[in-house]
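Please look over the model below. My notes follow as numbered points.

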Amino acid sequence: MNLSRRRKLSSHVETSSMNDIMFFLMLFFLIVSTMVNPNVIKLLLPNAKSSKQVMKQPITVSVDAAGAVFVNKKPTTAQGLEAELTSLIQNQQLDLPTVVLRVDASQNVQKLVDILEIGNRLKIKMVMATQAQQAAGK
């Protein structure tokens with residue numbers, strides 16, 4: 001009568017919990033990757049022979065509640081605004097310069113129209129910055 005037991009030693013690593021961890025990591029990265037740039041439209045852009053990159057940085061004209069005029073956070077006068085914009089446009093050498101207008105809501109419309117007329121004379125594309133109603137607390 002042979003009563004000897006066979007003792008097999010098996011060595012292996014339990015990997016069943018690794019599947020759960022990998023699934024949660026993949027789910028985490030999928031969710032985070034969609035939150036990084038939610039308003040980006042993915043496009044496959046065509047190729048071009050020229051590789052010239054255009055660094056377009058808009059010029060910001062701000063008018064505060066006291067009527068002080070700033071060009072790119074640099075104070076200037078309303079009379080010197082046209083000369084300041086002309087020098088900035090010539091320095092940047094842009095084909096179609098863009099100016100972002102940030103005018104305080106308490107300013108009258110005439111101040112805004114004066115700045116728009118300067119932009120029209122200089123052939124500048126002007127964009128007026130506004131604040132959304134929800135962000136303003138209305």
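1. Helix α3 has 13 residues and spans 18 Å from its first C-alpha to its last, close to the 18 Å expected at 1.5 Å a residue. The expected span is 1.5 Å times one less than the number of residues. Helices (H or I, at least four residues) and strands (E, at least two) are DSSP runs, numbered from the N terminus.

2. A word on the basis: this is a predicted model, where local features need pLDDT of at least 70, side-chain atom pairs count only at pLDDT 80 or more, and totals for chains, interfaces and linings use all residues. Residues are numbered from 1 along each chain as its sequence is written, and side-chain values use heavy atoms, with hydrogens and water left out.

3. Which residues of α3 are buried? They are Leu 112, Ile 115, Ile 118 and Gly 119. Because they cover an arc of only 120° around the axis, they lie on the same side of α3. The arc is that of the directions from the helix axis to the C-beta atoms. Buried means under 20% relative accessible area, exposed over 50%, and partly exposed in between (1.4 Å probe, protein chains only).

4. The buried residues of α3 pack against β1, α2, β4 and β5; contact means heavy atoms within 4.5 Å. Exposed Val 109, Asn 120 and Arg 121 sit on the face turned away from the buried side. Just after α3, Lys 123 has a positive phi of about 60°.

5. Strands β4 (residues 98–103) and β5 (residues 125–128) run parallel and are joined by four bridges. From β4 the chain crosses through α3 (residues 109–121) to β5, a right-handed β-α-β crossover. Right-handed here means that, with the strands pointing away from the viewer, the path from the first strand over the helix to the second runs clockwise. Leu 101 stands opposite Met 128 in β5.

6. What is the strand order of the open sheet? The five strands run β3-β2-β1-β4-β5, with mixed pairing. Two strands pair if DSSP finds at least two bridges between them. β3 (74–76) and β5 each have a single partner strand, so one side of each is left without a neighbour in the sheet.

7. Strands β1 (residues 59–63) and β2 (residues 69–71) are antiparallel, with three bridges. Val 61 has Val 71 in β2 as its bridge partner. Helix α2 (residues 81–92) packs on the sheet and touches β1, β2, β3 and β4; its direction makes about 165° with that of β1. Axes are lines fitted to C-alpha atoms, for helices over the stretch in contact, and angles run from 0 to 180 degrees between N-to-C directions.
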